[in-house]
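Reader: Please go through this model with me, one question at a time. I would like the cut-offs stated along with the values.

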Amino acid sequence: MTDQSNVPENDIDQPEMLGGPSGDTAVKDPEQWVTGDEPMTGAQRSYLDTLAREAGEEIPANITKAEASEHIDRLQQATGRGASN
């Protein structure tokens, strides 16, 4: 039998959940991502291309996921495509 004395009672046999109320989501800095040093995804590349064109900027095509995320955040603000206040 597994010793669960260090596990809070409400965590025993509870599945890990994704989503939920927005207050429950953890936002990590892209530099803390486990896969942040991998090449950017196709979706990031496409969206970043759109944002960069709108902002009149050029972004290197060989950046990482984390770098792409940071550029996307910055360019969303610059182009007005960011989350509404």
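Reader: Which helix is included in what covers the buried residues of H2?

Author: The model is predicted, so local features need pLDDT of at least 70 and side-chain atom pairs count only at pLDDT 80 or more, while totals for chains, interfaces and linings use all residues. Residues are numbered from 1 along each chain as its sequence is written, and side-chain values use heavy atoms, with hydrogens and water left out. Helices are DSSP runs of H or I with at least four residues, strands are E runs of at least two, and both are numbered from the N terminus. With contact taken as heavy atoms within 4.5 Å, the cover over the buried residues of H2 includes H1.

Reader: Which residues of H2 are buried?

Author: Buried means under 20% relative accessible area, exposed over 50%, and partly exposed in between, with a 1.4 Å probe and protein chains only. In H2 the buried residues are Lys65, Ala66, Ala68, Ser69, Ile72, Leu75 and Gln76.

Reader: At what angle do the axes of H1 and H2 cross?

Author: Axes are lines fitted to C-alpha atoms, for helices over the stretch in contact, and angles run from 0 to 180 degrees between N-to-C directions. The axes of H1 and H2 come within 9 Å, and their crossing angle is roughly 35 degrees.

Reader: Which residues make up the largest nonpolar core?

Author: A nonpolar core is a set of buried Ala, Val, Leu, Ile, Met, Phe, Trp, Tyr and Cys residues joined through side-chain atoms within 4.5 Å. The largest one has nine residues: Met40, Leu48, Leu51, Ala52, Ile59, Ile63, Ala68, Ile72 and Leu75. At least two of this core's residues come from each of helix H1 (42-55) and helix H2 (65-79).

Reader: What does Ile63 touch, not counting residues up to four places away in sequence?

Author: Ile63 belongs to the largest nonpolar core. Beyond that sequence limit, Ile63 touches Pro39, Met40, Leu48, Ala68 and His71.

Reader: How far apart are the end C-alpha atoms of H2?

Author: The expected span of a helix is 1.5 Å times one less than its number of residues. H2 has 15 residues and should therefore span 21 Å. That agrees with the distance between its end C-alpha atoms, 20 Å.

Reader: Does Asp37 count as buried or exposed, and why?

Author: Asp37 lies in the segment before H1. Its C-alpha is 6.6 Å from that of Ala66, 29 residues away in sequence. Because its relative accessibility is 63%, Asp37 counts as exposed.
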